[in-house]
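Please read the following briefing on charged side chains and their pairings alongside the sequence and the structure.

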Amino acid sequence: NLLTQTPLLGHIAKAFGGIAQKRRMPPFATQTFKQWFRRRGPRNLGKPAVILWPDTFNNYFLPETAKAAVEVLEAAGFQVVVPQGSLCCGRPLYDFGMLNLAKRLLRQILIALQSDIAAGTPVVGLEPSCVAVFRDELVNFFPHDEDAKRLSKQTFTLAEFLEHKAAGYEPAQLHRKAVVHGHCHQKAVMGMKAEEKVLSKLGLDLDHLDSGCCGMAGSFGFKKEHYDISMKIGELVLLPAVRKATKDTVIIADGFSCREQIRQATDRQALHLAQVLQMALRQGPDGPSGEYPEAGYTRSDSEYRRMSPATALLGVGCDGIAGALLWRWNRRKEKAN
C-alpha cells in the first residue's frame, strides 16, 4: 500500500506497470481473510464440513466478503474449513500465457486437497473466475486425473451450494430493491440460475442487468492502452444502471473486477451475494436504514492503508496486476537480449 496508495509512488508504480493513471490501484486489507480465520478458531464442530476457497482477491483485498460467507455457511449448519497453505488457481496467469506455471499451481491444489477430494468434501468459491477454473480449465489441464474430475464436480458457487447442497436452507428475508450484475465467467460456465433463485428467496425486488462484461476483465481495464475501451464497455449498461439506481438500492456483483469497476466509476460499492445474505441475517427484512446500504459492509480506501509493505508484498504474488508487471519486465528483458 505504501507503493500503490501514496500519490507520487503510486504514479510511478502505474507508469512502470503500464497501468492507466486514471485507475486507482486496489488497496490491500490490513488483515487477510486467512489470518482472521486462523485466529478466530473453528466453529460448528461435528457439523458437515465445507471448504471455503480463499481466493487471492477476497483473501487480500476484500476479506469482508469471505467473512460474510463464513457467517452465512455456519448459520446454514456447516463447519467451514479454510486451506491455510499458499494456494492459487492460477487464473490471472492465463492472461499472460503462463500456462505451465498455472498448471503447476493447480497440481499443488490437487495434492493439498487430496484427502478432502477423496472424502467428497464440497468446495465453495466466492470469486466466479476461480470457480470457473475448477469447473472448466482444471479438467482441460488434467483430462485423465480422477482427482481433477472429482474436484470439478465438488466445486460450487455460494448460491449453487445453498440451493442444491444445503438441505432445507431458507435465507433470512431482505425486502429491498437490488440491481444484479453477473460476472462473465459465471454466466458462461456456471450460469446465474442458482443466484437468481437464492436472491428471489430473500424477497428482493430484482433488476437483473443484461450488461455483458463490466469492462474491467481482470487486469485488462487497468492497462493504459485499454482504459478507454474498458470504460466504454462499462458505460453501455452497467455503470449507467448503477448511477440510476436509488441510493437505498442494493448493488450486487460477485466478481472482484466487476466490483472494482463499479467502485472506481460510480459513487457506489457493490456487494457480494455473501454480504447480502449476511445483511439479511443481521438486520432483518428492512435492512440498514438510510442511503447506501453497503456502507456497513464495505470499507473506504483510507481504512486499508495501515497495512505494512511486507504484508502487501506477500499478497501481491498471485494478483493479476503483479502478473502484468512481471510480463512487462520479461518483455523488456527479452528485448535487451
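Is K149 buried, partly exposed or exposed? K149 counts as partly exposed, at 32% relative accessibility, where buried means under 20% relative accessible area, exposed over 50% and partly exposed in between (1.4 Å probe, protein chains only).

This is a predicted model, in which local features need pLDDT of at least 70 and side-chain atom pairs count only at pLDDT 80 or more, while totals for chains, interfaces and linings use all residues. Residues are numbered from 1 along each chain as its sequence is written, and side-chain values use heavy atoms, with hydrogens and water left out.

**Salt bridges**
- Counting a side-chain nitrogen of Lys or Arg within 4 Å of a carboxyl oxygen of Asp or Glu as a salt bridge, the model has twelve salt bridges.
- One of them joins E146 to K149, with the closest N and O atoms 3.4 Å apart; both residues lie in helix α10, three residues apart, about one turn of the helix (helices are DSSP runs of H or I, at least four residues, numbered from the N terminus).
- D145 forms a salt bridge with R107, at 3.1 Å between the closest N and O atoms.
- Because D145 lies in the loop between α9 (128-141) and α10 and R107 lies in helix α7 (residues 99-112), this pair ties together parts that are 38 residues apart in sequence.
- D145 is buried, with a relative accessible area of 17%, whereas R107 is partly exposed at 33%.

**Surroundings of D147**
- D147, in helix α10 (residues 146-154), is buried, with a relative accessible area of 14%.
- Leaving out residues up to four places away in sequence, D147 touches L110, Q114 and I117, contact meaning heavy atoms within 4.5 Å.

Conventions: Helix = DSSP H or I, 4+ residues; strand = E, 2+ residues; numbered from the N terminus.
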